[in-house]
Amino acid sequence: MTYKEILDWMFVQLPMYQNDGSTAFKKDLTNILALSKELGFPEQKFKSIHVAGTNGKGSTSHILASILQEAGYKVGLYTSPHLKNFTERIRINGVEISEEKVTEFINGNKDFLEQQKMSFFEMTVGLAFDYFASEKVDIAIIEVGLGGRLDSTNSITPEVAVITNIGLDHTQFLGETLPEIAFEKAGIIKKNIPVVIGEEQAAVKGVFIAKAAKEGAPIYFASDASETYISDLVGDYQIQNSKTAVAAIKILKGYQVSKENIKNGLLNVVKNTNLKGRWQVLQEHPKVICDTAHNKEGLAIVLNQLKKQPFKKLHIVLGVVADKKLETILPLFPSSADYYFCKPAISRGLSEAVLEANAKKFDLVGKKYSSVKLALKSALLNANQEDIIYVGGSTFVVAEII
């Protein structure tokens, strides 16, 4: 198959969480362990840092990669979902995996992948691990897809585990309460492997301490750190992500990382890793800001930062996925803004009409559009030079305009 045929096959034939939601979520590691064996256990051939959490795990992963790159290491980075191109998920020192490598892997293993009924995510994890092993990376930063305990990435034994924070997201899979969700994320804590917890949250602290004690894993809370760092990632939430990443670097053994490497790593995250969609300013006059925050905790920080910006009028291009609990996120949005409700172009996207009807209950008023691009085009026509246009509500909304 050609690269395009391979992507079509991966996206359509097998369930993909990005498009299909719950049908793509597998609650066991059987498949990834079978694939690992088939590939000769590639995850055992490179060192890694494992990053879980409700919010900030993507940014924290990119910060870790940037710091280690500044220290001169060859760094693999596995993240999800992708914004524009599938190859964004797998990078070494900021360079995406080539289409040829993807084609080679899928064509070479297609019979096994079909016979084993591998999900999109499982085969992508297998591809990443195989690539990092063959390219002999010094270390790979592996972001958890969903949860932790039963996530396909949990076949690794890392040097350090990181859990950024716990919020109410993906409750249909991970549990309805913070302690239940924390239990799933704590599944990445392994025997004698140090773990860094990004935020000290009273509701879940005990879950992490108990799991770490059971595994004999040293536990550190990044919120205890007093240092502040300057980063090229300007979202308010990046302050905590930076602290979390630095705490993990400081307990990572066997790697030489100076204060200068840390400083430069934080200043050059975008340049080193090509991170997109985190408080990203797409243009000035009117200023257009996009952000992938999509749950209560993430949106609360972003919308608070938005309120602090100087603007004459605020325009919000908003779209969400269908399984989002609107009653938890819509009250966070300001009623003084003009709204442009839209549907992200994936099967999981919530119809713009349903979003508009629900938003009205919270005094959020605007017009509806059948696509993100049409909504943004209308916002740009209506906004004047001193206005701000914010685009968000979902990773998939941001993906369409970057």
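Where does Pro286 lie? I looked this up first in the model, which is a predicted one. I found Pro286 in the loop between strand S9 (280-283) and strand S10 (287-290).

His285 and Pro286 are joined by a cis peptide bond, and I read omega as about -10 degrees.

I then turned to His285 itself. His285 also lies in the loop between S9 and S10. I noted a positive phi for His285, about 55 degrees, although the residue is not a glycine.

Is His285 buried or exposed? I looked up its relative accessible area, which is 53%.

I went on to another proline, Pro81. The bond from Ser80 to Pro81 is a cis peptide bond, and its omega is near -5 degrees. I placed Pro81 in the loop that runs between strand S2 (75-78) and strand S3 (90-92).

Which phi value does Phe41 have? I read a value near 50 degrees, which is positive in a residue other than glycine. I located Phe41 in the loop between helix H3 (30-38) and strand S1 (48-52).

Last, I looked up the accessibility of Phe41. The relative value is 35%. Partly exposed covers the range between under 20% for buried and over 50% for exposed, so Phe41 counts as partly exposed.

Key:
Residues numbered from 1 in each chain as written. Predicted model: local features only at pLDDT ≥ 70, side-chain atom pairs only at ≥ 80, totals over all residues. Heavy atoms only, no water. Helix = DSSP H or I, 4+ residues; strand = E, 2+ residues; numbered from the N terminus. Buried < 20%, exposed > 50% of the residue type's maximum accessible area, 1.4 Å probe, protein only.
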